[in-house]
Amino acid sequence: KKSRQNKRTGYIPAKPDYYSRPFKKRNIFGIVDFVSSLLVSSVFSFLFVMLERPRIVIGFGGYISGPLVLSAFLMGIPTLIHEQNICPGRANFILAKFAQRIGLSFEESERYLGQKKKSVFTGNPLREDLLITDKNLASKKFGFDSGVFTILVLGGSQGARSINRNFIEALEVVKENKLNWQFIHITGLRDFNWVSSIYEKLGLRARVFDLFKDMSIAYGACDLVITRAGASTLNELSYLAKPAIAIPYPYSGGHQLLNAKYYSKNDALIIIEEKDLTPQVLFKNINEISQDTKRRRFLGERIKCLHKPDAARLLAEEVWGLIYAN
């Protein structure tokens, strides 16, 4: 993407994908690459904040937010960070010492940060287009029968190879047992072709997508969700009161497993860890839930209890409070 010149300041910002890079390779070359990109992005971030003079700088975690939030802190500009997961990532753990306010999606996050006076339990804001949709209406959008048990499989915008693979293998048992289930499967771009071909081969009632934008319809049509355990996804399930089986992404510091365990200990979620994931284990859990309407209702009620309403408003109030206090 071409850099755009700011009409007011004449400043041409750096390309973030070039100057900011995560710390991935744990060798001398990876360290040098990370440190050099961090230094360059810090210089450009400082120049950007100095020229733009924003009223406030807000960080939502990740390596790319660090230089901007620290630059604002050094210039006396109000700063706020928001942590989605229970256990903060490295960036937010460091930035918590400098930010004036810390918004938390989970109250338990405060004990990891040790910044009780700064921390505010705001919850995790939902996207505005996420609506509670009637099952009959949503099922019609997919050409489904609303009275048939429907499973939504998703693994985030990039899909989840292990979820796709194990779920597809479990479909053989579904076919053998002649189970009358329906499927909405969001595969991600790389798995779409082979996943959709197997559904077609097995002759199962399914709608397969590489990506899907109107998640209100997808959630509305399903009785059970198979998913990773990202904080935003769990928050959506909580708001919509959807029973789910979570298969946490095992890397990135184990954040997703901790998120899922918080819900699980409140009887609001079923967890299958990646190391335990097999087609047999996945089918067994799905089949048990499909036959137990009361358990599905219980899981929906329990996960609904964990939803923090008005998160966007609460976070916005903290932002405005910092702006007008300075």
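Let's start in a loop: Asp-267 lies between α11 (255–265) and β10 (270–271). Helices and strands here are DSSP runs, numbered from the N terminus, with at least four residues (H or I) for a helix and at least two (E) for a strand. This is a predicted model, where local features need pLDDT of at least 70, side-chain atom pairs count only at pLDDT 80 or more, and totals for chains, interfaces and linings use all residues. Residues are numbered from 1 along each chain as its sequence is written, and side-chain values use heavy atoms, without hydrogens and water.

Asp-267 is not a glycine, yet its phi is positive, about 55°. Most residues other than glycine have a negative phi. Asp-267 counts as partly exposed because its relative accessibility is 44%. The cut-offs are under 20% relative accessible area for buried, over 50% for exposed, and partly exposed in between, using a 1.4 Å probe and protein chains only.

Asp-310 also has a positive phi, about 60°, and is not a glycine. Asp-310 sits in the loop between α13 (293–305) and α14. Its relative accessible area is 47%, so Asp-310 is partly exposed.

Now the sheet. In what order do the 4 strands run? The order is β1-β2-β3-β4, in an open sheet with parallel pairing. Pairing takes at least two DSSP bridges between two strands. β1 (57–59) and β4 (119–121) are the edge strands, each pairing on one side only. Neighbouring strands are turned by 20° against each other on average, direction ignored.

Look at β2, residues 79–83. β1 and β2 run parallel, joined by 3 bridges. Ile-58 has Leu-80 as its bridge partner in β2. For Gly-59, the partner in β2 is Ile-81.

Is β2 mostly covered or open? Mostly covered: 5 of its 5 residues are buried. Thr-79, Ile-81 and Glu-83 are on one side, with Leu-80 and His-82 on the other. In a regular strand, side chains alternate between the two faces of the sheet.

Last, the surface. Val-43, Phe-46, Leu-47, Met-50, Leu-51, Phe-73 and Leu-74 form a nonpolar patch, with about 600 Å² of accessible area together. Areas come from the Shrake-Rupley method with a 1.4 Å probe, and for residues only the protein chains shown count as cover. Patch residues have over 30% relative accessible area and no salt bridge; nonpolar side chains (Val, Leu, Ile, Met, Phe, Trp, Tyr) are joined within 5 Å, like charges within 9 Å. A salt bridge puts a side-chain nitrogen of Lys or Arg within 4 Å of a carboxyl oxygen of Asp or Glu. The largest share of the patch, 5 residues, comes from α2.

Note on methods: Axes fitted to C-alpha atoms, helices over the stretch in contact; angles between N-to-C directions.
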